[in-house]
Amino acid sequence: MNQRARVDSAPIPFIDVGAQRRRLGTKIDDAIARVTTSCLFINGPEVGQFEKDLAAFCGAKYAVGCASGTDALQLVLMAQGIGPGDAVICPAFTFCATAEVVALVGATPVFVDVHPDTFNIDAASLKRGIETAKRKGLKPKAVIPVDLFGLPADWDAILPIAKAENLFVLDDAAQSFGATYKGRKLGTIAHATATSFFPAKPLGCYGDGGAIVTDDATLVDVLKSLRVHGQGTDKYDNIRIGLTSRLDTIQAAVLIEKLKIFPDEIAARDQVAKRYNEGLKDVAIVPQVPEGLTSVWAQYTIRLKPGVRDKLAAALKDKGVPTAIYYPKPLHRLEAYKDYPVADNGIPVTDRLSEEVISLPMHAYLDAPTQDRIIEAVRDALKS
Ligand SMILES: Cc1ncc(COP(=O)(O)O)c(C=O)c1O
């Protein structure tokens, strides 16, 4: 094999966490060393510092760190007292954690459809889901719109519906923290916003981590209690049932450094997405960002004609280009969730998308020649 052929088929990482690590270099080593020297592994000063930085970053009043994005969602539902007999409306085209937390608190997730162009919750289906929940004798208490793949949901359509029905709005921004909706960063739109710092997320740490962002001081007090076994003013005076769900000090120290370069990384991801869109718009349905919104491109996901996807994935794999399917089975088709209600009239867009979508490598360090190699490989496979 000649040099050019070898370079052209060298495997491309789907997400290159190592490239970011190299950029941050000793800043991360120093931040971790400060924690291992202080030995303040639980609730060290870096946790409070990061919470301040995170709230300031998105323009919210408060941020509360916790152990994962899933816990961030669950802690809010617990704080709202949501439980048996309550319905929480969720899109079915999302990662399972969105609905898992609803079931974990004993409430019922009611699945609704998404919009084909944005992959995000469809307002008409949200209304139908609320009616479905009522018809089944459930009390609709909350909605969890998800900003999927990095793109904010259609908030101007969702919020009035939630208000009219007195629903608590919990934003699942696990994939989209850093994105903006009409000039406002996610974190300032819903009653509470949950995010994940799983390493593959746009703002990831070096293990598990999560946070809730909100302007509600009362909610913050309850969340801070819930994340430490429901503690009261004294550590051993437990006033509610809680979890062990703190953000580790080491992860907070890593995140302080990562947050500093996050705006620059978001801009780089956007450049990659724009280039992909230019190179692929005539061979696939490429993702569009509605006017006035920005995406952090947790995934770059295209849509294909039915039946083409497996062939494309195989052809790309042969050329060292990894792909991923988010999500091959929507939540209402998964064994664990199949018995929960679905909005009346069904959720056909979700079903269709799960057969059409495929995601390409996306990260802030994907250089132009590698992007071109991916674009060329996709074009070749779809033309043949
Ligand atoms: C939409 C969505 N919600 C929630 C989560 C849960 O986050 P974590 O993995 O940090 O628990 C994820 C992460 O994969 C996600 O993508």
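A pocket, on a 1 Å grid over the protein atoms alone, is an open set of points where a 1.4 Å probe fits, with protein on both sides within 12 Å along at least five of seven lines. A molecule sits in a pocket if more than half of its atoms lie within 2 Å of its grid points. The ligand sits in the largest pocket.

This is a predicted model, in which local features need pLDDT of at least 70 and side-chain atom pairs count only at pLDDT 80 or more, while totals for linings use all residues. Residues are numbered from 1 along each chain, and side-chain values use heavy atoms, without hydrogens and water.

The ligand is surrounded by 15 residues (a heavy atom within 4 Å), and the closest are Gly-69, Thr-70, Asp-172, Ser-196 and Lys-201. By class, this shell has five nonpolar, eight polar and two charged residues, with Gly counted as polar. Helix H5 (69-79) and helix H6 (97-104) each supply at least two shell residues; helices are DSSP runs (H or I) of at least four residues, numbered from the N terminus. The largest share, three residues, comes from H5.

| Side chain | Ligand atom | Distance |
|---|---|---|
| Asp-172 | nitrogen | 2.7 Å |
| Gln-175 | oxygen | 2.9 Å |
| Lys-201 | oxygen | 2.8 Å |

Taken alone, the ligand exposes 390 Å², of which the protein buries 91% (Shrake-Rupley method, 1.4 Å probe).

The largest pocket has a volume of about 460 Å³, taken as the space filled by probe spheres set on the grid points. Its lining (residues with an atom within 4 Å of a point) has 24 residues, and Phe-95, Gln-175, Ser-196, Phe-198 and Lys-201 are the closest to the pocket centre.

Definitions and conventions:
Polar contact = N/O pair within 3.5 Å; in protein donor to acceptor, adjacent residues only side chain to side chain.
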